Amino acid sequence: MSPWVDMTVGNQTFETNRETEAFFYREVVHSLAAAYLGGTDPTDPLASPLYADLQALPPTYIQVGGDETLLGESVQFDVNARAAGVDVRLDVFPDQLHTFQMGAGYSPESTAAIRQLATWVRPKLGLDESM
């Protein structure tokens, strides 16, 4: 759900989506990354999955808002995971912001996103569609 996978804070959507983002501006995310990293290299695969070897990653589902600044790194993570042979699905929800799924039950887009996640994950867990 709106993954943060690149501690370098270098993706172009920090600029292209700046006007539509409500909080996760490059400066904010850079400060958060610095606090999280504590001096660690931001390209360390243990800190930034975008730079990791993804071959052993289990099936992965990515949802991201089309208006959020983390969009670019989510798209790149999808590309990297596919190249590594991972069973991955990426859904970009237009006009949505970071973790918009929290509005499920109140927002039709959020509710639809949670339903899409459930539809994807049920067979992965061996669950019946009707559950």
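This is a predicted model: local features need pLDDT of at least 70, side-chain atom pairs count only at pLDDT 80 or more; totals for chains, interfaces and linings use all residues.
The expected span of a helix is 1.5 Å times one less than its number of residues. H2 has 12 residues, and its first and last C-alpha atoms lie 16 Å apart, close to the 16 Å expected.

Three residues of H2 are buried: Val-29, Ala-33 and Leu-37. They sit on the same side of H2, because the arc they cover around the axis is only 65°. The buried residues of H2 pack against H1. After the helix comes Gly-38, with a positive phi near 55°.

In soluble globular proteins, nonpolar side chains tend to be buried together. The largest nonpolar core here consists of nine residues, namely Met-7, Val-9, Phe-14, Phe-24, Val-29, Ala-33, Leu-37, Ala-47 and Leu-70. H2 supplies the largest share of this core, three residues.

Apart from neighbours within four places in sequence, Val-29 is in contact with Trp-4, Val-9, Phe-14 and Phe-24. Val-9, Phe-14 and Phe-24 are also listed in the largest nonpolar core.

**The segment before H1**

Val-9 belongs to the segment before H1. Its phi is positive, near 55°, although the residue is not glycine. Val-9 counts as buried because its relative accessibility is 3%, and buried means under 20%. Ser-2 is placed in the segment before H1 as well. Ser-2 is likewise not a glycine and has a positive phi of about 45°. At a relative accessibility of 3%, Ser-2 is also buried.

**Salt bridges**

The structure contains five salt bridges. Three of them are tabulated here, with the distance between nitrogen and oxygen atoms and the relative accessible area of each partner.

| Salt bridge | N to O distance | Relative accessible area |
|---|---|---|
| Glu-15 with Arg-26 | 3.1 Å | Glu-15 45%, Arg-26 23% |
| Arg-18 with Glu-27 | 3.0 Å | Arg-18 27%, Glu-27 47% |
| Arg-82 with Asp-78 | 3.1 Å | Arg-82 47%, Asp-78 8% |

Glu-15 forms its salt bridge with Arg-26 at 3.1 Å between the closest N and O atoms. This pair links distant parts of the chain: Glu-15 lies in helix H1 (residues 13–16) and Arg-26 in helix H2 (residues 26–37), 11 residues apart. Glu-15 is partly exposed, and Arg-26 is partly exposed too.

In the second pair, the side chains of Arg-18 and Glu-27 meet at 3.0 Å. Arg-18 is partly exposed, as is Glu-27.

The pair of Arg-82 and Asp-78 has another setting. Arg-82 and Asp-78 are four residues apart in helix H3 (residues 71–83), so about one helical turn separates them. Arg-82 counts as partly exposed, whereas Asp-78 is buried. The assignment of Asp-78 follows from its relative accessible area of 8%, because the cut-off for buried is under 20%.

**Asn-17 in the loop between H1 and H2**

Asn-17 is located in the loop between H1 and H2. With a relative accessible area of 10%, Asn-17 is buried. Its side chain reaches the backbone oxygen of Gly-66 at 3.1 Å. When residues up to four places away in sequence are not counted, Asn-17 touches Gly-66, Asp-67, Glu-68, Thr-69 and Leu-71. Gly-66 is therefore both a residue touched by Asn-17 and the one whose backbone oxygen the Asn-17 side chain reaches.

**Trp-120 in helix H4**

Helix H4 (residues 108–124) contains Trp-120. Trp-120 is buried, its relative accessible area being 14%. Not counting residues up to four places away in sequence, Trp-120 touches Pro-59, Thr-60, Tyr-61 and Arg-89. The C-alpha atoms of Trp-120 and Pro-58 are separated by 13 Å, and the two residues are 62 residues apart along the chain.

Note on methods:
Residues are numbered from 1 along each chain as its sequence is written. Side-chain values use heavy atoms; hydrogens and water are left out. A salt bridge is a side-chain nitrogen of Lys or Arg within 4 Å of a carboxyl oxygen of Asp or Glu. Helices (H or I, at least four residues) and strands (E, at least two) are DSSP runs, numbered from the N terminus. Buried means under 20% relative accessible area, exposed over 50%, partly exposed in between (1.4 Å probe, protein chains only). A polar contact is a pair of N or O atoms within 3.5 Å; within protein, one must be able to donate a hydrogen and the other to accept it, and residues adjacent in sequence count only if both atoms are side-chain atoms. Contact means heavy atoms within 4.5 Å. The arc is that of the directions from the helix axis to the C-beta atoms. A nonpolar core is a set of buried Ala, Val, Leu, Ile, Met, Phe, Trp, Tyr and Cys residues joined through side-chain atoms within 4.5 Å.
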